[in-house]
Amino acid sequence: MKIGRRAFAGSICAAAAGALSNALPGDVRALAQSVALKEIVPAGWLIGAAINQNQSDGRDTAAVELVTRQFNTISPENLLKFQSLHPEPDRFTFDAADRYVAFGAERGMAVIGHNLVWHSQTPRWVWDAPDGALADRDTMLARMRTHISTVVGRYKGRIHGWDVVNEALNEDGTLRDSPWRKGIGDDYIAQAFSFAHDADPNAELYYNDYNLATRPAKRAGAIRIVNDLRQRGIRIDAVGEQGHWRLDSPSPAELDQAIAGLRATGVKVMITELDVNLLPTAAPARGQPPSPESNPYANGLPDDVQQALARYYGAVFAVLLTHRDDITRVTFWGVSDGDSWLNRGRVNHPLLWDRQRRPKPAFEEVVKVLMRRP
Ligand code: XIL
């Protein structure tokens, strides 16, 4: 008998839900692997996760299995950032990055590069003059070109697409006064994209930022960046909305509008760093243990919040599906809750797999939504 996709999804989810309560962790992990996101996303979509060095080096075997089974693209959580690759002017450190690229290549995945030009996780020498003042335009441009041509050139033909410029915008849509902009001027963005294109003409090139779905003014800034690049005749393939979201934000309607607005520029849209922060915004003071109020889910996620997270992820994917032809990639920022950067001394639960690498109700909901599509 041929089992329809929908019936299949229903049975997997029901079985998963039942099994979660009494199966051994190993069994539950096996069950989670019986359906793979990469097999049920719309044709042409990439779906992936950011991986850390324990994962790209193969030490975290449970995560490696999960990533291999579930995803067809990976992003480097930290390994390809400026400070990881180029700590001193004449010293590049490629070993761990090479292993990350090999990890993806061995599995036939689209390997993403993140990122080339950013105000954060970049060593001071990049922007400094010998006297400690800001380097002049020509010096900074030369450093940018050397970095981009060396890094993009090394992985030419092996990295599918690059976040060329990350987080260049203020919340009001004006250009952030990053050291790159101060030293080079507003055209630092265009320069970075041209250097990247020169180094690998076949690589996709992206602009990546956060809060583009929740802040229309910031989104307008991203649209200006895209239009400026296109007017100059410089390649840009997609805009990445990072997707560091909360249970109530963006709303499905906001997300829908944001995708439509970005897509209207002509480039594709990607969700590049998806996670859903469940903790109160007020973080504990540095070095202090978190108060119980700031860390409410330290002993686990109550069922109502677990279900709310599942509903939110389901609603998000339902909107993404209505834009299936506008979207090229959805990447989670981390594999399982324990890996997430959103923990930071507290206990967060932002992803589809829990700390034991068991699929959460949010995973089941995403599977259901993806399989229900016509
Ligand atoms: C984060 C990593 O997840 C952390 O491990 C690191 O300490 C800081 O950077 N936007 C980005 C990502 O573009 O590079 C950031 O990654 C998260 C926010």
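**From a helix residue to the ligand**

Modeller: Arg 230 sits in helix H11. Keep in mind throughout that the model is predicted. Helix H11 covers residues 216-231. The relative accessibility of Arg 230 is 42%, so this residue counts as partly exposed, the class between 20% and 50%. Computed along the chain, Thr 68 is 162 residues from Arg 230, and the C-alpha atoms of the two are separated by 36 Å.

Arg 329 belongs to strand E9, residues 327-332. Its relative accessibility is 1%, and Arg 329 is therefore classed as buried, the limit for that being under 20%. Thr 146 and Phe 195 are 49 residues apart in sequence, and 9.0 Å separates their C-alpha atoms. The side chain of Thr 146 reaches back to the backbone oxygen of Ala 142 at 2.9 Å. With a relative accessibility of 39%, Thr 146 is partly exposed, because that value falls between 20% and 50%.

Asp 187 is found in the loop that runs from helix H9 (179-184) to helix H10 (188-199). The side chain of Asp 187 makes a polar contact of 2.8 Å with the side chain of Arg 137. Its relative accessible area is 16%, so Asp 187 counts as buried.

Some backbone details deserve a check on the display. Glu 167 is in the loop between strand E4 (161-166) and H9. Its phi is near 55°, a positive value in a residue other than glycine. At 10% relative accessibility, Glu 167 is buried. Asn 211, in the loop between strand E5 (204-209) and helix H11, has a positive phi too, of about 60°, although Asn 211 is not a glycine.

There are also cis peptide bonds to look at. One joins Ser 249 and Pro 250, with omega about 0°. Pro 250 is placed in the loop between strand E7 (244-246) and helix H12 (252-263). The peptide bond from His 114 to Asn 115 is cis as well, with omega near -10°. Asn 115 lies in strand E3, residues 110-117.

The ligand is surrounded by 13 residues, and His 114 is listed among the closest, together with Glu 77, Asn 78, Lys 81 and Glu 273. By side-chain type, the shell divides into 3 nonpolar, 6 polar and 4 charged residues. The space that the ligand takes up is the largest pocket.

For Glu 77, a polar side-chain atom lies 2.5 Å from a ligand oxygen. For Trp 333, an N or O atom of the side chain is 2.9 Å from an oxygen atom of the ligand. For Asn 166, the corresponding distance from a side-chain N or O atom to a ligand oxygen is 3.0 Å. The ligand on its own exposes 420 Å², and the protein buries 78% of that area.

Terms used:
Residues are numbered from 1 along each chain as its sequence is written. This is a predicted model: local features need pLDDT of at least 70, side-chain atom pairs count only at pLDDT 80 or more; totals for chains, interfaces and linings use all residues. Side-chain values use heavy atoms; hydrogens and water are left out. A residue is near a molecule or strand if one of its heavy atoms lies within 4 Å of it. A polar contact is a pair of N or O atoms within 3.5 Å; within protein, one must be able to donate a hydrogen and the other to accept it, and residues adjacent in sequence count only if both atoms are side-chain atoms. Accessible areas come from the Shrake-Rupley method with a 1.4 Å probe; for residues, only the protein chains shown count as cover. On a 1 Å grid over the protein atoms alone, a cavity is a set of points where a 1.4 Å probe fits but cannot get out, and a pocket is an open set with protein on both sides within 12 Å along at least five of seven lines; lining residues have an atom within 4 Å of a point. A molecule sits in a cavity or pocket if more than half of its atoms lie within 2 Å of its grid points. Ala, Val, Leu, Ile, Met, Phe, Trp, Tyr, Cys and Pro count as nonpolar, Asp, Glu, Lys and Arg as charged, and the others, Gly among them, as polar. Buried means under 20% relative accessible area, exposed over 50%, partly exposed in between (1.4 Å probe, protein chains only). Helices (H or I, at least four residues) and strands (E, at least two) are DSSP runs, numbered from the N terminus.
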